[in-house]
Amino acid sequence: MTAPYAPRTDRPGSVVPDLPRTDPATRVAVTRPLDPSTDLLAVLPAPTGTAAFVVGGDGLVGWGTHAVLRTSGPDAAARIGAWVTRTLGALEHDSDVPGAGPVAFVSLGFDDPDTAVAVIPSVLLGRRDGVAFRTVIGAPSVRTPVPVSAPGRISWSDAGMSAAAFTTAVAAARSRIRAGELEKVVLAHDLEAQAEHPIDERLLLQHLADAYPSCATFAVDGLLGASPELLVRRRGTRISSRVLAGTAWPERSGAAVATELLSSAKDLAEHRFAANSVADTLRAVTAELDVPAGPRPLALANLTHLATDITGVLADPSLSALDVASRLHPTAAVGGTPRDVARQVIRELEAGPRGRYAAPVGWIDAAGDGDFAIALRCAQVSGRTVRLFAGCGVVAGSDPEHEAREAQVKMIPVRDALERTAR
Ligand SMILES: C=C(O[C@@H]1C=C(C(=O)O)C=C[C@H]1O)C(=O)O
C-alpha cells in the first residue's frame, strides 16, 4: 500500500529543505476526541514503527511517519529542537481538544557520535487525566491492523562484553576513582538475544507496561524500554525531575532492602553525585528550585532505588523540555563526576558505543512542553535481534562482583518481557 506522501528524511549535516509542496493535506493536522477508555498500547496496528511514551496507561503513542530526522554531533539536540519547531510550526492545526496536538518523539544519542532520532508520527493517540484524543497529519492510508505475533525461541549471547569482562572493567574504574582521577562513573554493558521470528514490538511494550506501570514505557525507532527515571517534565515554566542512583534488590537483604539502602554510605554517595549534577544544572536555568535534603526509597517490581524528586520554575520560558534534557545529559546517574572525565572513562572502558541507551528519550510539543526519561531498562530491537543494555554507578566503595550483578538485575525487565512473550 503506498503512502499518500513521502516521509522527509534530513540527514546529518544536510541543509534542511523547505517544507514539501506536494500534498497540501500533509500540512494539516486534525485532532479529535477519542474514547478515554482506549488502551493506548493495545491499539498499535503494526509490529514495528511504534513511537510511545506511556506511564500508568496515560501518555502518547504514534505510528506512521510524517517526518523524521536522524542526526549526530554535539549540537544534535539543538538541531532537532529547531527542526521540531519548524516542522510542527508549519502544520495547520484543526483541533477540538484543547491542549492536544501533534508532537515529536525524540531519542538522543548518549555520546556525540551516536545517532539521535526525532520522529513526528502521522497518527498520534494521547490520553491524560481522563481525556483522550487522536491527531492525524495528512491522510494516512488506512491499514488493517496486523495481529500481534510471538518471537518464538530466544537464544542469548554476550554482546560487546561478557559479565566477567564487565566485572574487570568495573574494577579498573574503581582503581581510577581510588587514584583520584574522578569520583564516580557509570559503566554499562550489553547482552544480545536472537529470536526465532522477527520481534513484534507491541508484545514487549505491553509486557513492560503491565509489569512496570509506574515507569515510562517508551519506544522510538526500535529502542524500547520501561524507564523509572524521569529526566525532565516541562509544563509551561514548571519543571520536575526524578533522580535515581543507589540500587538494592531483594536478594541483598529481603524486606529490609529500603532501610539498608538508606543506611548504605556507598549508595548514598552514589546518589549524592547524581542529585547534585541535576540540581546544579537546573539551578542555572530556574528562578525557583526545590531540592529535598535527602533521598527516599523508590520500589519497583524487581529492585529498589534511592530517589530525589526535584521541582522548579524555569527562569527563561523559551527553554523547551528538550533544551533542558540536553543540558542535563549525561547526569551523574548515567555518566559520572566530573562529567567530562567520566565520559572519557566510559569511552575507554566500555566495549562499544551506547547508541541511545542512557540518553534522553521522550516527546516534545509545539509549545516546548514535554516529558523526557533516561533510556534505561531498555533494548534496541532490530528484526530478530534484541540488544539489551544496563549499567551501574561505580564509586570508591564499589564491589565489582556486586555491581556486575546489579547490571544483570537491571536487564530483568526486558529479559522477562522477551521470555514471557516467546511462544
Ligand atoms: C545505569 C542504569 O541505571 C542507573 C544507575 C543506578 C545505580 O547505579 O544505582 C540507578 C538508576 C539509574 O540511574 C541502568 O539501568 O542501566
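Leaving aside its neighbours within four places in sequence, with which residues is Ile80 in contact? In this predicted model, where local features need pLDDT of at least 70, side-chain atom pairs count only at pLDDT 80 or more, and totals for chains, interfaces and linings use all residues, the contacts of Ile80 are with Leu69, Thr71, Val106, Ala116, Ala118 and Leu322, two residues being in contact if their C-beta atoms, placed from the backbone, lie within 7 Å. Residues are numbered from 1 along each chain as its sequence is written.

Ile80 is also named, together with Ala104, Leu187 and Ala375, among the residues with the most contacts inside the largest nonpolar core, which has 123 residues. Strand β7, residues 116-128, gives the most to this core, with 8 residues. Such a core is a set of buried Ala, Val, Leu, Ile, Met, Phe, Trp, Tyr and Cys residues joined through C-beta atoms within 7 Å, where a residue is buried if 20 or more other C-beta atoms lie within 10 Å of its own, exposed if 12 or fewer, and partly exposed in between, with C-beta atoms placed from the backbone. Helices (H or I, at least four residues) and strands (E, at least two) are DSSP runs, numbered from the N terminus. In soluble globular proteins, nonpolar side chains tend to be buried together.

The ligand is surrounded by 19 residues, of which the closest are Thr247, Ala333, Leu376, Gly391 and Gly393; a residue is near a molecule if its C-beta atom, placed from the backbone, lies within 6 Å of it. Strands β10 (184-195), β14 (238-248) and β22 (385-394) each supply at least two residues of this shell. By class, the shell has 10 nonpolar, 5 polar and 4 charged residues, given that Ala, Val, Leu, Ile, Met, Phe, Trp, Tyr, Cys and Pro count as nonpolar, Asp, Glu, Lys and Arg as charged, and the others, Gly among them, as polar.

Helix α3, residues 201-211, has as its buried residues Glu201, Arg202, Leu204, Leu205, His207, Leu208 and Ala209, and these pack against β3 (51-55), β11 (216-220), β12 (223-227), β21 (378-382) and α10 (412-421). On the side of β21, Val381 lies in that strand and is buried because 27 other C-beta atoms are found within 10 Å. Although Val381 and Glu201 are 180 residues apart in sequence, their C-alpha atoms are 7.8 Å apart in space. Once neighbours within four places in sequence are set aside, Val381 is in contact with Ile199, Glu201, Gly222, Leu224 and Val386.

In helix α8, residues 339-349, the buried residues Ala342, Val345, Ile346 and Leu349 cover an arc of only 105 degrees around the axis, which puts them on the same side of α8; the arc is that of the directions from the helix axis to the C-beta atoms. The buried residues of α8 pack against α2 (163-178), β10 and β18, whereas the face turned away from the buried side carries the exposed residues Asp340, Arg347 and Glu348. Asp340 counts as exposed because it has 10 C-beta neighbours inside 10 Å, and its C-alpha atom is separated by 38 Å from that of Ala90, 250 residues apart along the chain.

Strand β16 (residues 296-299) runs antiparallel to β17 (residues 304-314), and 4 bridges join the two, a pairing being assigned if DSSP finds at least two bridges between the strands. The bridge partner of Arg296 in β17 is Ala307, and a hairpin of 4 residues joins β16 to β17.

Backbone geometry was examined last. Most residues other than glycine have a negative phi, and most peptide bonds are trans. The bond from Thr337 to Pro338 is cis, with omega near -10 degrees, and Pro338 lies in the loop between β18 and α8. Phi is positive, near 50 degrees, in Asp129, a residue of the loop between β7 and β8 (131-137) that is exposed because 7 other C-beta atoms lie within 10 Å. Phi of Arg377 is near 50 degrees, a positive value in a residue other than glycine; Arg377 is placed in the loop between β20 (370-374) and β21 and is buried, with 31 other C-beta atoms within 10 Å.
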